[in-house]
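Subject: Structure handover

Hello,

Here is the structure for you to look over. My notes on what was found follow below it.

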Amino acid sequence: MLAGAGLLVGVAAAPAQAAGVSYATRCVPPAASGLDPVEGTTEVQITAPATASVGDEVEVVWKFTRAASKNPDLIDLPADSVQPSGTLKASGAQTADLAMRGPRENPAIPKGGAMVLSDMKGTLKLTAPGTVTLTPDAYSINAFSTDTKCAPTETVKAAATIEVTGSSSSPPPSSTPSSTPSGTPSGTPSAPPTGSPSPSPGDSGGPTDFTGEEVSVAYACKTPIGDKNATSPVQIDARKDGGGFDLTVRFKKSVMDSPADIPADSVKPSMEVVLGGADKGTVHVEGPANAQPIKSGDPIEIPDLTGTYRPGASGRSTLAPGVLTVAALGTTTTCTPAASEVSLTLDTTRQEGGASGGGGSATSGGSSSGSTSTSGGLAETGSDSGGALKALGLVAGTVILLGGAVFTFLPRRHPR
């Protein structure tokens with residue numbers, strides 16, 4: 001009796017519960033690596049509230065106790081170079097696939113070493129009373145722009161449950177500017193962590209300016225004479241304009257110095273902003289050419305890149321820096337981010353002719369004048385021999401050919 005009473009008291013006092021589960025898993029490395037699939041065991045611990053109410057948004061944490069695959073015997077993985085993402089399945093009182101994602105945080109992992117993955121988190125909005133069961137499913141391991149896909153090969157047992165009561169104790173006030181537009185066929189999308197939903201076209205209520213998070217983007221650059229890399233902090237801001245958004249992409253610091261004099265109007269940058277979440281596709285943004293000559297040794301600043309985003313879906317949409325293109329004197333350098341780092345989250349309402357058009361196709365969601373055409377655009381990830389990942393061996397710097405001179409972009413040194 002005393003043990004039972006103690007258990008009841010413990011459950012009542014604990015706002016969250018943690019439970020572990022293990023399951024057989026098959027991990028498939030990227031095709032370019034030439035490596036065979038790996039069979040192993042995944043061990044995870046899922047943490048979620050023990051009880052909640054309908055209408056609550058609860059945070060769920062996925063902690064890796066053990067990943068199914070190790071770091072292959074190809075290359076040492078440096079610190080903060082590996083990022084996990086995955087899917088957690090909710091069943092029972094409600095059914096949902098919960099997207100989970102962890103930060104790019106890890107210790108240095110040697111060749112053949114155990115894969116150390118950060119904790120993944122996701123948010124689940126509870127919609128029905130009863131017992132909600134949480135079960136881990138497939139996950140991906142991203143390193144140097146390549147993904148290893150891991151999926152269960154057996155039925156996975158539930159790792160946690162949430163007991164959901166009948167209703168939320170405090171419904172949201174009716175004055176909150178998050179009402180459903182009259183043309184929307186279903187309910188209001190859930191609000192993003194840092195802002196209110198975007199009103200329908202013509203609605204003057206709610207915020208109009210949205211400030212993105214500064215993210216550090218590692219670029220693998222494909223140049224006319226070789227593959228190099230560089231890193232820069234990037235931030236995406238938006239201003240609501242009717243049903244769309246005017247985007248501004250800001251490179252917060254220069255990451256390159258000029259070793260030679262560059263004439264005016266000779267360097268022009270552009271980018272494809274990557275859409276995620278509810279929307280799909282890209283938005284083209286571009287900046288002006290350099291108005292003044294750049295002297296040797298001076299930093300090369302990338303100006304603000306601008307464009308217009310017309311949403312193609314209703315819901316919570318994310319924006320991340322994508323492929324950066326720098327055109328200079330008839331040559332093109334294409335820089336691809338090693339990972340899609342979300343800078344801004346918006347609540348969007350589908351517009352005619354918008355990005356995904358409701359079908360999820362990867363079409364342009366923005367308008368601009370004179371978009372830059374590139375060939376390829378992705379960093380090399382194939383192997384020259386032996387199946388080694390070329391993408392894992394990128395060296396520092398970006399080089400382009402200007403006329404008969406070699407022009408080297410040198411990454412600035414930043415404190416880690």
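pLDDT is the predictor's confidence in each residue, on a scale from 0 to 100. You need it here, as this is a predicted model. The protein averages a pLDDT of 74. Of the residues, 68% score at least 70.

**Confidence along the chain**

Among the elements, strand β17 (residues 305-309) has the highest mean pLDDT, at 95. Strand β23 (residues 395-396) has the lowest, at 29. Residues 1-14 are below 50. Beyond near neighbours in sequence, that stretch has one contact in the model. Residues 168-204 also stay under 50. For residues 168-204, the model has 44 contacts beyond four places in sequence.

**Cores**

The largest nonpolar core has 37 residues. Ile 46, Trp 62, Leu 134, Tyr 139 and Ile 162 have the most contacts inside it. Which strands supply at least two residues each of this core? They are β1 (16-28), β2 (38-49), β4 (57-66), β5 (82-92), β6 (96-101), β7 (120-125), β8 (130-143) and β10 (160-165). The largest share, five residues, comes from β8. A second core is separate and has 32 residues. Ile 300, Leu 305, Ala 328 and Leu 344 are among them.

**The β5 and β6 pair**

β5 and β6 run antiparallel, and six bridges join them. A hairpin of three residues connects the two strands. One of the bridge pairs is Leu 88 with Leu 98, the latter in β6.

A salt bridge to note here is the one between the side chains of Asp 97 and Lys 89, at 3.0 Å, N to O. Asp 97 is exposed, with a relative accessible area of 56%. Lys 89 is partly exposed, at 34%.

**Other salt bridges**

The count of salt bridges comes to nine. Three further items are worth a look.

- Lys 63 and Asp 119 meet through their side chains at 3.9 Å, N to O. Lys 63 is in strand β4 and Asp 119 in the loop between β6 and β7. The two are 56 residues apart, and the pair links distant parts of the chain. Lys 63 is partly exposed, with a relative accessible area of 38%. Asp 119 is partly exposed too, at 32%.
- Arg 104 and Glu 341 form a salt bridge between their side chains at 3.5 Å, N to O. Arg 104 lies in the loop between β6 and β7, and Glu 341 in the loop between β20 (331-337) and β21 (344-348), so the pair ties together parts that are 237 residues apart in sequence. Is Arg 104 buried or exposed? The residue has a relative accessible area of 18%. The cut-off for buried is under 20%, so Arg 104 counts as buried.
- Asp 237, Arg 250 and Asp 304 are linked in a network of salt bridges.

**Ser 317**

Ser 317 sits in strand β18 (residues 315-320). The residue is buried, with a relative accessible area of 0%. What does its side chain meet? A polar atom of the Ser 317 side chain lies 3.5 Å from the backbone nitrogen of Asp 279. Leaving aside neighbours within four places in sequence, Ser 317 is in contact with Gly 276, Ala 278, Asp 279, Tyr 309, Leu 344, Thr 345, Leu 346 and Thr 348. Leu 344 also belongs to the second core.

Asp 80 is found in the loop between β4 and β5, and is partly exposed, with a relative accessible area of 39%. Asp 265 lies in the loop between β14 (244-251) and β15 (267-277). At 60% relative accessibility, Asp 265 counts as exposed.

That is the set of notes. Over to you.

Best regards

Notes:
Residues numbered from 1 in each chain as written. Predicted model: local features only at pLDDT ≥ 70, side-chain atom pairs only at ≥ 80, totals over all residues. Heavy atoms only, no water. Core = buried A, V, L, I, M, F, W, Y, C linked by side-chain atoms within 4.5 Å. Buried < 20%, exposed > 50% of the residue type's maximum accessible area, 1.4 Å probe, protein only. Helix = DSSP H or I, 4+ residues; strand = E, 2+ residues; numbered from the N terminus. Contact = heavy atoms within 4.5 Å. Salt bridge = Lys/Arg side-chain N within 4 Å of Asp/Glu carboxyl O. Pairing = 2+ DSSP bridges. Polar contact = N/O pair within 3.5 Å; in protein donor to acceptor, adjacent residues only side chain to side chain.
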